[in-house]
Each structure stands twice: as structure tokens, then as C-alpha cells.
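I opened the model to look things up one by one. These are my notes, in the order I took them.

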Amino acid sequence: MNIQRQIRGFAYQAFYGLPLPVRRRIARLVSPKYLVGAVTVVRDSESPQRILLLRQPPGRGWGLPAGLLKARELPAVGAARELFEEAGVRVEPGDLTAGNPNAIIHPNGGVVDTVWFASVPASSTPLVVDGGEVLEAAWFPVDDLPKLTWPTERLLGIYGIGPRAGELPPSLPSGSYHASFPGDPQ
């Protein structure tokens with residue numbers, strides 16, 4: 001057995017011999033820190049080739065309903081909450097479908113977004129924005145999207161939507177990723 005492996009083994013034994021609160025404190029000091037958010041891609045169930053986008057200040061591009069999770073908030077609950085707060089669209093957390101992949105790490109690090117998909121009928125779903133955090137909400141055909149923010153372009157592209165469809169960031173292994181909306185055949 002080599003020396004490095006022995007030293008690592010002793011270090012782990014010493015670490016796991018410490019009381020749990022001390023181990024947690026050490027882990028928090030040496031582990032990378034992430035903010036965790038939730039993003040929802042909402043499709044019009046009456047016209048499946050349309051998605052909901054939001055324009056937020058400073059208004060240079062359109063994005064998706066998204067926000068940071070509250071402490072101990074489940075990701076689907078946070079996604080549903082943010083969707084309602086930003087666009088007035090109410091969806092039950094259990095009606096959301098997790099994206100595959102469900103977690104996307106931002107290229108600059110520090111932020112991980114959980115991705116969710118929902119379908120609602122646009123004709124009977126009023127869009128309500130506050131004019132502060134969100135300036136505008138509207139439905140757009142996926143083959144004629146407005147100018148998107150760079151993070152939105154990147155995220156939608158992972159799921160085969162928009163101008164970057166099929167482009168995978170280096171953090172994702174090659175594979176077939178697709179949008180998975182509630183009600184779609186699996």
C-alpha cells in the first residue's frame with residue numbers, strides 16, 4: 001500500500017472519530033458553497049410549441065421563471081412558488097416534472113439550478129407580473145423566441161429548445177436530454 005493512501009486512511013479515521021457537530025463544521029469550511037435555485041419551463045398545453053418567458057430588469061433579454069430556494073424548501077415547492085410569484089401561474093409542486101438532468105451547475109460556479117417542467121392552458125391562465133421584479137410575461141413559439149438571456153439560452157439548449165438546442169456545456173456528459181412536460185408520453 002502506498003504512503004499517500006495510508007495517510008488518507010488515517011485522516012479519514014481521525015475525521016470520522018470526531019463528534020458530528022465538529023465534522024459538519026469542518027465540512028462546511030472545506031466544501032464548495034452553492035446557492036440552489038429552481039427554474040420552471042412552462043409549456044402552453046393548448047399549443048405545445050409555445051413556452052412562457054419573462055422579461056426582468058434591466059430588460060435586455062427574456063428568461064424563465066426562476067429563483068433561489070428558501071432554507072429547507074423542497075425544489076419542486078420552490079419552483080411552484082417562484083412561478084406564482086413571478087408570473088401569477090399556479091401549479092402544484094406534484095404536477096411539475098423534473099428535468100433530466102434535474103440539476104444544472106452554472107458555468108461561473110456557485111449556483112445550481114434544479115429544472116422543472118409544467119404545462120398549463122395559456123388561454124385560461126392569466127399572467128400577472130408585479131412590474132418591479134418582472135416587467136413582462138408572455139407566451140412565445142419555440143421556433144420564434146425573442147432575444148433570450150445567455151443563461152436561458154444555455155439552459156433551454158440542454159433540453160433541445162431554442163437557438164442552442166443540443167449544445168451541451170462541458171459539465172454535462174454526452175447524452176440525449178429532452179424536455180419532459182407533464183402529460184407527455186414517456
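I began with Y12 and Y16, which both sit in helix α1 (residues 3–16), four residues apart, about one turn of the helix. Helices here are DSSP runs of H or I with at least four residues, strands are runs of E with at least two, and both are numbered from the N terminus. The model is predicted, so I noted its limits: local features need pLDDT of at least 70, side-chain atom pairs count only at pLDDT 80 or more, and totals for chains, interfaces and linings use all residues. Residues are numbered from 1 along each chain as its sequence is written, and side-chain values use heavy atoms, with hydrogens and water left out.

**Entry: aromatic rings**

I looked up how exposed the two tyrosines are. Y12 is partly exposed at 47% relative accessible area, while Y16 counts as exposed at 52%. Buried means under 20%, exposed over 50%, and partly exposed in between (1.4 Å probe, protein chains only).

Next I checked a pair elsewhere. The ring centres of W62 and F140 are 4.9 Å apart and the planes stand at 70°, so I logged the pair as edge-to-face. This pair links distant parts of the chain: W62 is in strand β3 and F140 in strand β7 (residues 136–141), 78 residues apart.

My rule for pairs: rings of Phe, Tyr and Trp (its six-membered ring) pair if their centres lie within 6.5 Å; planes under 30 degrees apart are stacked, over 60 edge-to-face, and the rest tilted. By this rule I get four aromatic pairs. One of them is Y12 with Y16, stacked at 6.2 Å centre to centre and 15° between the planes. Ring pairs also link Y12, F15 and Y16 into a cluster.

**Entry: backbone**

I then went through the peptide bonds and phi angles. Most residues other than glycine have a negative phi, and most peptide bonds are trans. Which residues does a cis bond with omega of about 5° join? They are P57 and P58. P58 lies in the loop between β2 (50–55) and β3 (62–63). The bond from N100 to P101 is also cis, with omega near 10°. P101 is in strand β5 (residues 97–105).

R72 has a positive phi, near 60°, and is not a glycine. I found R72 in the loop between β4 (66–68) and α3 (75–87). R72 is exposed, with a relative accessible area of 82%.

**Entry: surface patch**

I found a nonpolar surface patch made of L18, V22, I26, L29 and V30, with about 440 Å² of accessible area together. V30 is in helix α2 (residues 20–30) and is exposed at 66% relative accessible area. Patch members have over 30% relative accessible area and no salt bridge; like charges are joined within 9 Å, nonpolar side chains (Val, Leu, Ile, Met, Phe, Trp, Tyr) within 5 Å. A salt bridge is a side-chain nitrogen of Lys or Arg within 4 Å of a carboxyl oxygen of Asp or Glu. Areas come from the Shrake-Rupley method with a 1.4 Å probe; for residues, only the protein chains shown count as cover.

**Entry: whole chain**

Last, I took the overall view. The chain has four helices and seven strands. From the N terminus on, I read α-α-β-β-β-β-α-β-β-β-α. The C-alpha atoms fill a box of roughly 65 × 35 × 35 Å along the principal axes. Of the 186 residues, 35% count as buried.
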